[in-house]
Amino acid sequence: MQAAWLTDIHLDFLSRQGCDTFFTTIASHNPDVVFLTGDISVAPSLLAHLHGMSEALHKPIYFVLGNHDFYHGSIGEVRASVREGCHANLLLKYLPDAGVIPLTASTGLVGHDGWGDSRYGNYATSPVKLNDHVLIKELTGLTPSKLEQQLLRLGDEAATYLRKTLPLAFDRYRQVILLTHVPPFRESCWYQGQVSNNEWLPFFACQAVGEVLRETMEARPHCQLTVYCGHTHNSGTAHVLPNLTIFTGAAEYGVPQVNAVIEVE
Ligand SMILES: [Fe+2]
Ligand SMILES: [Fe+2]
């Protein structure tokens with residue numbers, strides 16, 4: 001099975017014709033399935049872009065959402081509208097609702113959005129301000145300590161889901177692929193060929209998820225977990241454990257690409 005992996009495609013930066021051209025490029029790789037690791041669009045156009053992609057490709061699209069997908073909206077409302085809006089389209093699968101997806105006889109797929117959860121780096125002294133903190137309802141107008149509480153909560157939510165779902169996946173499969181938006185480890189948080197610094201790390205990586213992945217894989221040395229993520233728009237590969245590899249994908253606004261065509265065994 002071949003999967004086309006795309007991350008941070010930000011379709012809201014493209015015209016309708018630009019989207020159609022990009023969908024044709026994806027189709028030219030003739031993938032069996034598509035993996036989409038978030039920052040697909042922005043809240044008001046997200047569902048239209050997902051349905052447009054589905055109509056153009058006629059292949060299963062397994063996706064998680066990134067922070068930009070909630071811009072000009074709320075996390076709770078966007079997730080609910082995606083659940084509702086994708087219900088009738090069997091090709092669109094929002095992974096946090098999907099549990100374990102069978103890909104091949106030996107490989108299963110799981111996923112969660114994840115979030116820059118403020119744990120890595122130095123949140124208390126970071127001068128970084130993201131558009132997240134003015135464009136996403138739940139994160140707007142908060143004091144630094146209230147914002148930190150929300151970021152911790154979002155990271156915990158992803159970690160709780162994966163702590164429950166990954167063992168179910170490994171009960172059935174020796175190999176598991178995890179899609180998430182935010183890099184789960186410091187060493188998977190690439191920026192211009194290096195790991196992000198302590199000012200950016202609080203917002204660019206999800207420690208709560210990283211801890212679950214490390215725990216899960218240390219307990220299963222004969223199993224393999226491969227993670228695909230994005231968010232930093234810079235590419236790199238991190239071998240965190242012998243059985244845990246993280247691919248972080250590059251991206252450029254207005255120039256979406258197919259990050260890789262993955263051969264799923
Ligand atoms: Fe992005
Ligand atoms: Fe992002």
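Trainee: What makes Val 176 and Leu 225 a pair across strands?
Mentor: Val 176 stands opposite Leu 225 in S10. Five bridges join S7 to strand S10 (residues 224-229). Two strands pair if DSSP finds at least two bridges between them, so five bridges are enough to call these strands paired. They run parallel. This is a predicted model, where local features need pLDDT of at least 70, side-chain atom pairs count only at pLDDT 80 or more, and totals for chains, interfaces and linings use all residues. Residues are numbered from 1 along each chain as its sequence is written, while chains are lettered from A and ligands numbered from 1 in the order in which they are written.

Trainee: Which other strand pairs with S7?
Mentor: S6 does, in the parallel sense, over six bridges. Thr 107 stands opposite Gln 175 in S7. The names S and H come from DSSP runs, numbered from the N terminus: helices are H or I with at least four residues, strands are E with at least two.

Trainee: Why is S7 called largely enclosed?
Mentor: Five of the six residues of strand S7 (residues 175-180) are buried, so the rest of the structure largely encloses this strand. Buried means 20 or more other C-beta atoms within 10 Å of the residue's own; exposed means 12 or fewer; partly exposed is in between; C-beta atoms are placed from the backbone.

Trainee: How do you know that Gly 116 is buried or exposed?
Mentor: Count its neighbours. Gly 116 has 29 other C-beta atoms within 10 Å, so it is buried. This residue is in the loop between strand S6 (107-112) and helix H4 (132-135). Beyond its neighbours within four places in sequence, its contacts include Leu 151, Val 182 and Pro 202. A contact means C-beta atoms, placed from the backbone, within 7 Å.

Trainee: How do you know that the length of H1 agrees with a helix?
Mentor: Helix H1 (residues 16-28) has 13 residues, and at 1.5 Å a residue it should span 18 Å. The expected span is 1.5 Å times one less than the number of residues. The end C-alpha atoms of H1 are 19 Å apart, which agrees.

Trainee: What makes one face of H1 the buried one?
Mentor: The buried residues of H1 are Cys 19, Phe 22 and Ile 26. Seen down the axis, they fall within an arc of 65°, so they line one face of the helix. The arc is that of the directions from the helix axis to the C-beta atoms. An α-helix has 3.6 residues a turn, so residues three or four places apart point the same way. On the other side of H1, Gln 17, Thr 21, Thr 24 and Ser 28 are exposed. What covers the buried residues of H1 includes S1, S2 and H2.

Trainee: What is called the largest nonpolar core?
Mentor: A nonpolar core is a set of buried Ala, Val, Leu, Ile, Met, Phe, Trp, Tyr and Cys residues joined through C-beta atoms within 7 Å. The largest here has 76 residues, and Val 176 and Ala 158 are among those with the most contacts inside it. Helix H5 (residues 144-172) gives the most to this core, with nine residues. Leaving out residues up to four places away in sequence, Ala 158 touches residues including His 112, Trp 115 and Cys 206.

Technical notes
Two residues are in contact if their C-beta atoms, placed from the backbone, lie within 7 Å.
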